[in-house]
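Here is a friendly briefing to keep beside you as you look through the model. Have the sequence and the 3D view open, and take the topics in order.

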Amino acid sequence: MKSIIHQISERFKAEEKQEAIARQAELQDPATTNNRREFLKRTALGGIALGGLMSCAPIEDVMAQTTSKVNRLSNPSDLKITDMRVAVLQVTGRQPVIRIDTNQGIYGLGDVRDGGDERYALMLKSRLLGENPCNVEKLWKKIRQFGYHGRQGGGVCAVEMALWDLAGKAYGVPAWQLLGGRYRDKIRLYADTPGANSPEEFAKTMELRVKDQGFTWLKMDLGIHVVANQPGTIVNSKFWSGADGKMQGQYDTRDYMSYGSTLHPFTQVQITEKGLDALAQYVEQVRNAVGYEIPLSSDHFGHFDVNNSIRFAKRMEPYRLAWVEDMVPWMDTEKWKVLTHAIETPTITGEDIFGLRGGFKPLIDAQAVDLIHPDLGTSGGLLETKRIGDYAEEQGIAMAMHQAGSPVTFMANVHCAAATQNFLSLEHHSVDDPWWEKLVKPTGKQPLITKGFANVPLDAPGLGIELNDEVMKQHLHPKAKGYFEPTPEWNEPRSHDRLWS
């Protein structure tokens, strides 16, 4: 046994020497980011010294160390959450970014869903202080009761992202590794492309996406706004504020006569044959521009009933759309079944659904949709979204992923997509914002995105990013004050959270 230990020791001494040389070279490279440099310094200090182990350590400890490639950047078992702070960006309207700090100097990042409220996350701070962030599932079960569908899921999901970021940094491995490993090194992106004033202008944008930016999957806004200004295309639109396709009033839930605040079956807004013909002409020109090799998805169409949804989808069938999205409310499983069985184009929903149980499971069990479309900032974070994807896979349903947040959420999605087999494509909502990628700095060697594909971090711990404070401060929301200011008012718990007696 001593001979075996000696051989192992000599082999690892040689490996450590080579690793030290490579580490020193990267430390001296001017292109190495500060976070990556700190990561390398900690790595140099973090391992167990094998030479010293041979004479005094139990054989179990020696074998555990020699068979492990985990870099001890911290002492994970003693890691404790000490603080939570927030900075609110002006990304996709409003984007709160949270930072969870620890007693060992490492921190984790998460996003409260785009358009969400940072207080959804801050109210969880008192439930997390003093806890070990590496106990991700335990903490998730502790706080999941405060999550719900839509933006209300944003707080618990932001925390869950930050916990995986912390756990990965503590153990020195990427988040995808903690989810069970990866299926792919690159993540296919679909580019969200807003509508234009004419089909010709829109087709040019689509060509730019493919030829210059390298996207292999496209998505278009194909809703009421495309034809609303043409007389005779829409029935009953003037009764509702926001039914003209413009954004005013659509998201103010205090206005119960708002088109955007009224469930689909209750508007009785319809599209005429003239409207359908105009939409078909619009899609045909786009198809002629990008061809049929590129999957072309359709965004949310409008608040119409099932009958008009079927009419619309049938009219679009010659153009082989990749999917029609959120045609009826996600929670109406029976209407989704009717719609899915009536048309050839794949149906998809899910960006507003929280969790598998009580969320995606009824739709999947009933085979009510062809595809699922979780937004990781609502669906439950990395692990719950992977579970949703795995459950759908067992039922023969693939998963695309909705994403309209900062690069923090984006990278959380990248790790989840890498670890989920039935993944199709991930949304990139900020293609036209040149500063968006600069909000963060990759801590590995690869950029976030290369020609329409996100790069899965292979050599960086956690989510694989650090904040670019200078650029972040340039894009803070004007109505949200401060940049990761102290939040002591959220330290004390004030309620009894148990759901049972």
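Strand S13 (residues 423-428) is mostly covered, with five of its six residues buried; buried means under 20% relative accessible area, exposed over 50% and partly exposed in between, using a 1.4 Å probe and protein chains only. Strands (E, at least two residues) and helices (H or I, at least four) are DSSP runs, numbered from the N terminus. This is a predicted model, in which local features need pLDDT of at least 70 and side-chain atom pairs count only at pLDDT 80 or more, while totals for chains, interfaces and linings use all residues. Residues are numbered from 1 along each chain as its sequence is written, and side-chain values use heavy atoms, with hydrogens and water left out.

**Strand S13 and its partners**

- S13 pairs in the parallel sense with strand S4 (residues 186-193) over three bridges; two strands pair if DSSP finds at least two bridges between them.
- Tyr 190 has Glu 427 as its bridge partner in S13.

**Ile 397, in a loop**

- Ile 397 sits in the loop between helix H16 (381-394) and strand S12 (398-401).
- Ile 397 counts as buried because its relative accessibility is 3%.
- Beyond its neighbours within four places in sequence, Ile 397 is in contact with Ile 364, Gln 367, Val 369, Asp 370, Leu 371, Ile 372, Ala 392 and Asn 422; contact means heavy atoms within 4.5 Å.
- Of these, Asp 370 is 27 residues away along the chain, with 6.2 Å between the two C-alpha atoms.

**Met 220, in strand S5**

- Met 220 belongs to strand S5 (residues 218-220), and it counts as buried because its relative accessibility is 0%.
- Residues touching Met 220, leaving out those up to four places away in sequence, include Thr 193, Phe 202, Met 206, Tyr 282, Val 286 and Asp 299.
- Val 286 is 66 residues from Met 220 in sequence and 9.4 Å away, C-alpha to C-alpha.

- Strand S1 (residues 81-89) is mostly covered, and seven of its nine residues are buried.
- S1 and strand S2 (residues 95-102) run antiparallel, joined by eight bridges; one of the pairings sets Ala 87 against Val 97 in S2.
- Five residues lie between the strands of this hairpin, where Thr 92 takes a positive phi near 50°.
- Arg 99 lies in S2, and its side chain makes a polar contact of 2.9 Å with the side chain of Asp 101.
- A polar contact is a pair of N or O atoms within 3.5 Å; within protein, one must be able to donate a hydrogen and the other to accept it, and residues adjacent in sequence count only if both atoms are side-chain atoms.
- Not counting residues up to four places away in sequence, Arg 99 touches Asp 83, Met 84, Arg 85, Tyr 107, Gly 108, Leu 109 and Phe 484.

**The chain overall**

- The chain has 18 helices and 17 strands.
- Of its 501 residues, 55% are buried.
- Among contacts between residues at least 6 apart in sequence, 72% join residues at least 24 apart.
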